[in-house]
Amino acid sequence: QARMHTALILATTLNFLLLQISAQQTENEVSHSTSVAGMVKLLDVESKLIENLDNYATQLERKLEAVRSYVADMRAENDKAKQQTESYLSNPLNAFALIRRMHQDWLYWRLYMEQPVGHEQAAYVPQMQQHLPTSTDLEEAAASIHRIQLTYDMKAADMSSGLLNGRQYNVSLSSLDRYALGKHHFDRQNFGEACQWIYQAIQWLDGKNKLPRPLALDRAELFQLYGEALIKMNRFNDALQVFNNAVAFKQDNAQLLQRRLEVEALTRTNAHLPPQRYSIPQPGAYELGCRGGYPSKSNLYCFYNHTTSAFLRLAPIKMELLALDPYMVLYHDIVTSKEIQELQYYAVPNLMRATVFDAKTGRNNVVKTRTSKVTWLPDAHSELTRRLNRRITDMTGFDMYGSEMLQVMNYGLGGHYDKHFDYFNATTAPELTKMNGDRIATVLFYLTDVEQGGATVFPNIGKAIFPKRGTAVMWYNLRHDGNGDPQTLHAACPVIVGSKWVTNKWIRERQQLFTRPCEKM
């Protein structure tokens, strides 16, 4: 028995290592946008950079004050001399002072003007470079905005002004933000989306808004990019009008003038081509569920469960039966606020980018279809993890022995997990199932309310569970014959507004031999 016990522990550890083996390749990529908790650090970095810029301004102001304080005196003396030129210069003291000033003082002023200001503050910015988002972070953030836009059928104009999914927020995007989104789509040849965002950048500038000089957008370049996107959509007349606007801002730019002539030629020769129109695709079952298109209540029933374990006779739990095929239940008030805070406390320092197992390579990879950060808490990590595992046993009747660790996740900007199954395929991933079996069930705890978005959607059965703090959903991944249930296909919808925290437990089947016997011979 001792050997079996040791072997089971080793197998459980091996499974965990196999699931995490490729995490090393992403340790240098912070992936800021994939976790709200992770982006908190960016605010701290930004605060330091703002303070540094303020110190730079202080240095400039001190130099400016020094200059202005002497300018007034020098001008007064110069005006005095010019009003009574001959009398002033006839005085030997004034004459000497003028010669001395012109010979010495202006040399000192030149040297003073050439002295660098804020050198220390300027050097601080590259020192902080390692903490700043990378180009990959910006690409992921732009892709997340696009994901939200497509999933929830939002317009670029609405999102730019802070109208998200029908709810107005006191926030808007600047022309730089809108331009960055347009450029992101243009570089990926999504010209319809590019036009939407570039046009919004132009609208922002036309609204008499101003950017600080170091960040100012070149209007001619903005119009030119908009025109190039329109050309790609066969909208040549519109493109020509846009290029005319660009030339109006840069009439002396020979390259721009030449490009306008080329657009005029394209307009004449391609007038027969039908223009492409931008449209958001029709929603599928997944998008419909994310948008709240499924029934909000089940047609089954709710009850107090006091039979699954002896402990529940003293403390029954609230259960709502959501579905029978697959078996799915929702537990209410199953985790306390104190427990949630403790889980987050343990998780935050160790959050890392979530990965997905690739059966072909046998490795976990960072993928665009899963954007969140996770950490794993071993069963013996703390009294909290031991208590939660006992509670899961009370909830499900399953033995946690040999199952996977608790996984705590935080979703960031547009955080989601595309359609997937939780179970493995024993034929393609035998190393992950041979000791403890496949994932017979999933228990998913919702640790926070989410203001908008973030539902767990089961498109094949038309179910959507929206996050509610303190609840948990459980479903069976395997049928009674031990094979995976395709009805359990599910996804985490993109978060629109809010910080979505969840923790889940994947329960392995081997230890449930007598709890839920397999019919497979």
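Me: Which helix gives the most residues to the lining of the largest pocket?

Reply: A pocket is an open set of points on a 1 Å grid over the protein atoms alone, with protein on both sides within 12 Å along at least five of seven lines, and lining residues have an atom within 4 Å of a point. Helices (H or I, at least four residues) and strands (E, at least two) are DSSP runs, numbered from the N terminus. Here helix 2 gives the most, with 8 residues. This is a predicted model, in which local features need pLDDT of at least 70, side-chain atom pairs count only at pLDDT 80 or more, and totals for chains, interfaces and linings use all residues. Residues are numbered from 1 along each chain as its sequence is written, and side-chain values use heavy atoms, with hydrogens and water left out.

Me: What is the volume of the largest pocket, and which residues are closest to its centre?

Reply: A volume is the space filled by probe spheres set on the grid points, which are joined across faces, edges and corners. For the largest pocket this comes to about 1500 Å³. Its lining has 45 residues, with L138, A141, L173, D177 and L413 closest to the centre. At least two lining residues come from each of helix 2 (36-83), helix 6 (135-151), helix 8 (175-187) and strand 19 (495-497).

Me: How does the lining of the largest pocket divide by class?

Reply: Ala, Val, Leu, Ile, Met, Phe, Trp, Tyr, Cys and Pro count as nonpolar, Asp, Glu, Lys and Arg as charged, and the others, Gly among them, as polar. The pocket lining has 29 nonpolar, 9 polar and 7 charged residues.

Me: In what order do the 9 strands of the open sheet run?

Reply: Two strands pair if DSSP finds at least two bridges between them. The order is 3-4-5-17-13-20-11-10-6, with antiparallel pairing. Strand 3 (302-305) and strand 6 (352-353) are the edges, each pairing on one side only. Strand 3 pairs with strand 4 (residues 317-324) over 4 bridges, and Y304 has K318 of strand 4 as its bridge partner.

Me: Which strands stand at the edges of the sheet of 5 strands?

Reply: That open sheet has the order 9-12-18-15-16 and is antiparallel. Strand 9 (370-371) and strand 16 (463-465) each have a single partner strand, so one side of each is left without a neighbour in the sheet. Strand 9 and strand 12 pair over 2 bridges, and the partner of T371 in strand 12 is H416.

Me: Is C290 buried or exposed?

Reply: Buried means under 20% relative accessible area, exposed over 50%, and partly exposed in between (1.4 Å probe, protein chains only). C290, in helix 13 (residues 285-290), counts as buried because its relative accessibility is 3%. Leaving aside neighbours within four places in sequence, C290 is in contact (heavy atoms within 4.5 Å) with T151, Y152, V457, F466, C493 and P494.

Key: On a 1 Å grid over the protein atoms alone, a cavity is a set of points where a 1.4 Å probe fits but cannot get out, and a pocket is an open set with protein on both sides within 12 Å along at least five of seven lines; lining residues have an atom within 4 Å of a point.
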